[in-house]
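Have a look at the fold before reading on.

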Amino acid sequence: MKKAFAFVIVLTLCMGFVGTLAADSKLKAAFVYVGPIGDGGWTYAHNDGRKALEKLGVKTAYVETVPEGAEAERIITRFAAEGYDVIFTTSYGYMDTTIDVAKKFPKAIFGHCSGFKRAENVFTYFGRMYQPKYLSGIIAGKVSKTGKIGYVAPHPIPEVIRHINAFALGAKSVNPSAAIHVVWTGAWFDPGREKEAAVALMDAGCDLIASGADSPAAMQAAERRGFYSFGYDSDGRAFAPKSFLTAPIWDWSVIYEDIAKKVEAGFTDWKNLDYWDGLESGIVKLAPLSDLVPKDIKTLIAAETEKLKKDDNIFVGPIKDQSGAVKVAEGVKPTDGELLSMRWFVEGVVGTIPE
């Protein structure tokens, strides 16, 4: 699974001087990636965040395409043994492994992305990606001619379910009859399966494709059919310029730079550090809307973005599930815990959630 900040670095904390990391910074940061840095999505975006640290003088290292489990444990352990100050593990499936390795290296700091387990030297980080997903859903509801919208989904975990629901709520806010059809791939990064899922959705009558997976394969499949699509994780318009509308994207530098500041300033309360900020922080956003998006929709999205920055009311009830049962009562706003454990689809989503 995948889960703000003006960046300033305290150069001389006791004197109150503020600046950036020194060019000869001794800070060392390592990254463990679940996919290849050329995936055009999740790992690509994390790697951009790593590059931002290098520009600030931080020494970095990374290993890409690390399987969850024993191999992840080996890589994380290696970085800790080599003396890296902070180690970022960038997939939900690394959570337990990160906790286990951290116990053996109490002097190192570990950051786990999108998980919920923390320890004395382990913090967690993510972002409210459901906000830009909701905005992209509004665009989908406005642009789709049939109201049948396809969604290529990776794994049936709360993060992905939450994003699909937000996308559906956005679409239905402007087109009450919109239906979001979901096909699961069972993988974060599998271009072949993502393409097959997109094709299956289009064969079933969907005229627009969104994705929660890590490659641009679904966008490319949509472009070949002459349909519009959304990217995810990073701005992937170059992969399908005739199809790309926008993409809900991450700017991990916002968090990575803030962590560098905290490490150099001697921060110690890692167990209570959990980043989960939204549009107001810059960690999540929509990529610039392409010229394929009509001007009136661009104006609408700009206004909705500003509203969400001030009042995140996406999941305020009444909200019904697929069966028509009320899951969130009128006027009620779910807690973060309820959002983070979401295991049901909202009304308007077509598909099931595998065990």
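Two strands count as paired if DSSP finds at least two bridges between them. Keep that in mind for what follows. The model is predicted.

## Strand β10 and its neighbours

Strand β10 covers residues 208-211. It pairs with strand β11 (residues 228-229) in the parallel sense, over two bridges. Here I209 stands opposite S229 in β11. Between the two strands, the chain passes through helix α7 (residues 217-225), and this β-α-β crossover is right-handed.

Strand β8 (residues 148-153) also runs parallel to β10, joined by three bridges. In this pair, G150 stands opposite I209.

Which way do the side chains go? In a regular strand they alternate between the two faces of the sheet. In β10, L208 and A210 point one way, while I209 and S211 point the other way. All four of these residues are buried.

## The six-stranded sheet

An open sheet is built from six strands in the order β4-β3-β5-β6-β7-β13, with parallel pairing. Its edge strands are β4 (59-63) and β13 (274-277), each pairing on one side only. From one strand to the next, the twist averages 20°.

## Cysteines

How many disulfides does the structure hold? The count is zero. C113 counts as buried because its relative accessibility is 0%. C206 is at 1%, so C206 counts as buried too.

Definitions and conventions:
Residues numbered from 1 in each chain as written. Predicted model: local features only at pLDDT ≥ 70, side-chain atom pairs only at ≥ 80, totals over all residues. Heavy atoms only, no water. Buried < 20%, exposed > 50% of the residue type's maximum accessible area, 1.4 Å probe, protein only. Helix = DSSP H or I, 4+ residues; strand = E, 2+ residues; numbered from the N terminus. Right-handed = clockwise from strand over helix to strand, strands pointing away. Disulfide = S-S within 2.5 Å. Axes fitted to C-alpha atoms, helices over the stretch in contact; angles between N-to-C directions.
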